[in-house]
Amino acid sequence: MPTAVRVIMLGRQGAGKGTQCRLLSEHFGAPHISTGEMLRSAIRQDTVVGRAVKKVLDEGNLVEDDLMVSLVQGRIGETDARVGGYILDGFPRTVGQATAFDHITEVRPVDIVVNLEVKRELVLSRLSARRTCEQCDANYISDGNDPKPWKCAKCGGLVHQRDDDTPEAISHRLDLYDSLTSPLIDYYMSKSRLVVVDGLGTTEEVFERLTSAVKAAQA
Ligand code: AP5
Ligand code: MG
């Protein structure tokens with residue numbers, strides 16, 4: 001039976017967390033748990049949670065810690081994550097979330113926390129060119145000539161620009177990253193669990209660095 005792998009992926013918006021976590025999930029056979037995708041799916045399905053968080057996401061703000069912790073706690077308790085581990089994308093995002101997560105995972109702690117490093121100036125251009133399937137969250141890159149309508153090659157859903165990928169929301173999300181999420185780098189460094197991985201280069205090059213880092217942490 002394959003060994004479970006438990007990974008937390010940190011990185012500023014547009015660093016490539018979603019892109020790389022999907023690949024790591026396939027490679028290691030552990031579910032990709034993206035809190036952003038969970039919230040967008042709740043919004044699409046118009047659930048109680050979805051209605052409560054829509055405005056927060058559209059404006060690029062953070063959803064409150066208690067709700068996020070309970071969503072993630074429920075998700076990692078499902079069979080696929082208990083057996084295969086998880087590749088956690090977008091959580092924790094505050095020191096409060098990280099502290100709560102440490103308590104929840106005391107028995108089965110994470111193997112590695114990765115900081116996927118890409119500078120703020122570079123993520124801005126990546127995010128403004130990003131287009132996303134509103135049904136399955138697959139990512140595409142716009143060359144400025146978007147087909148209309150743009151159908152997702154994976155599921156046939158409509159490809160659009162995420163509501164929080166406007167210049168104002170991107171800038172606000174990056175500010176929140178600096179003030180609320182970047183302190184997690186010191187938090188995990190002090191626990192000797194942090195590995196910094198350069199997020200520059202092709203998707204394949206970054207993936208190669210990440211798989212080596214995860215394998216080294218498992219050894
Ligand atoms: P979430 O969905 O997690 O968004 P995010 O953190 O803003 O991150 P992004 O998805 O924008 O970036 P990414 O790093 O995944 O980059 P990607 O791979 O797409 O969260 C959305 C919202 O939900 C939050 O703002 C908040 O409101 C709420 N939320 C979620 N979790 C929460 C929590 N824990 N607490 C509170 N609130 C929470 O790549 C970006 C682009 O770059 C793509 O177009 C991609 O194709 C391209 N790209 C990727 N890799 C490369 C490469 N190597 N070279 C060139 N281009 C590349
Ligand atoms: Mg993402």
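**Figure 1. The buried face of helix α7 in the predicted model.** In this predicted model, helix α7 spans residues 120-129 and has V123, L127 and A129 as buried residues. Viewed down the axis of α7, the buried residues fall within an arc of 165°, so they line one face of the helix. The cover over these buried residues includes strand β5 (130-133), strand β6 (139-141) and helix α8 (167-181).

**Figure 2. The largest nonpolar core.** In soluble globular proteins, nonpolar side chains tend to be buried together. The largest nonpolar core here has 25 residues. Which of its members touch the most other members? They are I8, Y86, L88, F101 and Y188. Several elements each supply at least two residues of this core: the strands β1 (5-10) and β3 (85-89), and the helices α3 (48-58), α4 (65-76), α6 (95-104) and α9 (183-189). Apart from this core lies another, of 23 residues, and V118, V123, V206 and A213 are among them.

**Figure 3. The surroundings of L88.** L88 is one of the residues that touch the most other members of the largest nonpolar core. When neighbours within four places in sequence are left aside, L88 is in contact with V7, I8, M9, I33, V72 and F101. Two of these partners, I8 and F101, are also listed with L88 among the core residues that touch the most other members.

**Figure 4. A169 in helix α8.** Is A169 buried or exposed? Its relative accessibility is 5%, and buried means under 20%, so A169 counts as buried. A169 has its place in helix α8. Not counting residues up to four places away in sequence, A169 touches D58, E59 and D164. From A169 to D146 the separation is 23 residues in sequence and 21 Å in space, taken from C-alpha to C-alpha.

**Figure 5. The cavity.** Rolling a probe the size of a water molecule over the atoms shows where empty space is left. How many cavities of 30 Å³ or more does the structure hold? There is one. The largest cavity contains about 90 Å³ of space. Its lining consists of M9, L10, G11, Q13, K17, G90, F91, P92, R93, Y177 and T181. Strand β1 and helix α8 each supply at least two residues of this lining. By type, the lining residues are five nonpolar, four polar and two charged.

**Figure 6. The largest pocket.** The largest pocket holds about 1100 Å³ of space. It is lined by 48 residues, and those closest to its centre are K17, G18, R130, N139 and R162. Two or more lining residues come from each of α1 (17-28), α2 (35-44), α7, β5, β6, α8 and α10 (203-218). Which element gives the most to the lining of the largest pocket? Helix α1 does, with six residues. The lining divides into 16 nonpolar, 19 polar and 13 charged residues.

**Figure 7. The second largest pocket.** About 260 Å³ of space lies in the second largest pocket. Its lining comprises 14 residues, of which R40, I43, D58, H160 and D163 are the closest to the centre of the pocket. The elements α2, α3 and β5 give two or more residues each to this lining. Nine of the lining residues are charged, three are nonpolar and two are polar. D58, listed here near the centre of the second largest pocket as one of the closest residues, is also touched by A169.

Definitions and conventions:
Residues are numbered from 1 along each chain as its sequence is written. Chains are lettered from A and ligands numbered from 1 in the order in which they are written. This is a predicted model: local features need pLDDT of at least 70, side-chain atom pairs count only at pLDDT 80 or more; totals for chains, interfaces and linings use all residues. Side-chain values use heavy atoms; hydrogens and water are left out. A nonpolar core is a set of buried Ala, Val, Leu, Ile, Met, Phe, Trp, Tyr and Cys residues joined through side-chain atoms within 4.5 Å. Buried means under 20% relative accessible area, exposed over 50%, partly exposed in between (1.4 Å probe, protein chains only). Helices (H or I, at least four residues) and strands (E, at least two) are DSSP runs, numbered from the N terminus. Contact means heavy atoms within 4.5 Å. The arc is that of the directions from the helix axis to the C-beta atoms. On a 1 Å grid over the protein atoms alone, a cavity is a set of points where a 1.4 Å probe fits but cannot get out, and a pocket is an open set with protein on both sides within 12 Å along at least five of seven lines; lining residues have an atom within 4 Å of a point. Grid points are joined across faces, edges and corners, and a volume is the space filled by probe spheres set on the points. Ala, Val, Leu, Ile, Met, Phe, Trp, Tyr, Cys and Pro count as nonpolar, Asp, Glu, Lys and Arg as charged, and the others, Gly among them, as polar.
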